[in-house]
Amino acid sequence: MTMTANASQNYSETMIAEITAKYSADPVRTTVDALADKFGKSPRSIIAKLSALGIYQKVERQTKRGEPVVKKEFFVNAVNERLGRELPSVAKMTKVDLQALFELLD
């Protein structure tokens with residue numbers, strides 16, 4: 001038995017239809033967890049199936065304050081761009097200082 005045949009046996013067409021419908025209606029982690037419980041699968045398995053079907057929506061990381069995570073490299077590149085030159089020491093600054101400098105240059 002091939003891996004593809006085994007994977008297709010893990011989920012029936014009925015299960016796939018229900019997983020697709022419920023997740024499409026409410027694409028959140030609690031839906032994934034509920035589907036995992038209902039079908040006796042791990043949440044990771046449900047996420048993998050949704051990904052294979054092309055409908056899984058990755059959860060965007062957020063800070064403790066609920067803001068999107070912005071990488072330090074973004075600020076390094078933005079500051080260098082605003083200054084119009086590449087300053088290697090800018091990358092050695094802390095993210096907080098880079099963000100403050102970026103805001104000052106804005």
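## Helix packing and a pocket

Helix 5 crosses helix 6 in a left-handed sense. This is a predicted model. Helix 5 covers residues 72–83, and helix 6 covers residues 95–105. On the helix 5 side, the contact uses K72, F74, F75, V76, A78, V79, R82 and L83. Helix 6 answers with K95, L98, Q99, L101, F102 and L105. By type, the residues of this contact split into 10 nonpolar, 1 polar and 3 charged.

Two packed helices are described by the angle between their axes and the distance between the axes. The table gives both values for each pair discussed here.

| Helix pair | Angle between axes | Distance between axes |
|---|---|---|
| Helix 5 and helix 6 | about 35 degrees | 9 Å |
| Helix 2 and helix 3 | about 160 degrees | 10 Å |
| Helix 2 and helix 4 | about 85 degrees | 11 Å |

Next comes helix 2, residues 13–25, with helix 3, residues 29–39. Their angle is about 160 degrees. An angle over 145 degrees counts as roughly antiparallel. Helix 2 and helix 3 are therefore roughly antiparallel to each other. Their crossing is right-handed. Helix 2 brings M15, E18, I19, K22 and Y23 to this contact, and helix 3 brings T31, V32, L35, K38 and F39. Those residues comprise 6 nonpolar, 1 polar and 3 charged.

Helix 2 also packs against helix 4, residues 43–53. Here the angle is about 85 degrees, which makes helix 2 roughly perpendicular to helix 4. From helix 2, the residues I16, I19, T20 and Y23 meet I46, K49, L50 and L53 of helix 4. This contact has 6 nonpolar residues, 1 polar and 1 charged. I19 and Y23 take part in the contact with helix 3 and also in the contact with helix 4.

Now for the pocket. Which residues line the largest pocket? They are T63, R65, E67, P68, V69, V70, F75, K95 and Q99. This lining divides into 4 nonpolar, 2 polar and 3 charged residues. The volume of the largest pocket is about 190 Å³.

Conventions:
Residues are numbered from 1 along each chain as its sequence is written. This is a predicted model: local features need pLDDT of at least 70, side-chain atom pairs count only at pLDDT 80 or more; totals for chains, interfaces and linings use all residues. Side-chain values use heavy atoms; hydrogens and water are left out. Axes are lines fitted to C-alpha atoms, for helices over the stretch in contact, and angles run from 0 to 180 degrees between N-to-C directions. Helices (H or I, at least four residues) and strands (E, at least two) are DSSP runs, numbered from the N terminus. Angles under 35 degrees count as roughly parallel, over 145 as roughly antiparallel, 65 to 115 as roughly perpendicular and the rest as oblique. A crossing is left-handed if the near helix is turned anticlockwise from the far one by less than a right angle, and right-handed if clockwise. Contact means heavy atoms within 4.5 Å. Ala, Val, Leu, Ile, Met, Phe, Trp, Tyr, Cys and Pro count as nonpolar, Asp, Glu, Lys and Arg as charged, and the others, Gly among them, as polar. On a 1 Å grid over the protein atoms alone, a cavity is a set of points where a 1.4 Å probe fits but cannot get out, and a pocket is an open set with protein on both sides within 12 Å along at least five of seven lines; lining residues have an atom within 4 Å of a point. Grid points are joined across faces, edges and corners, and a volume is the space filled by probe spheres set on the points.
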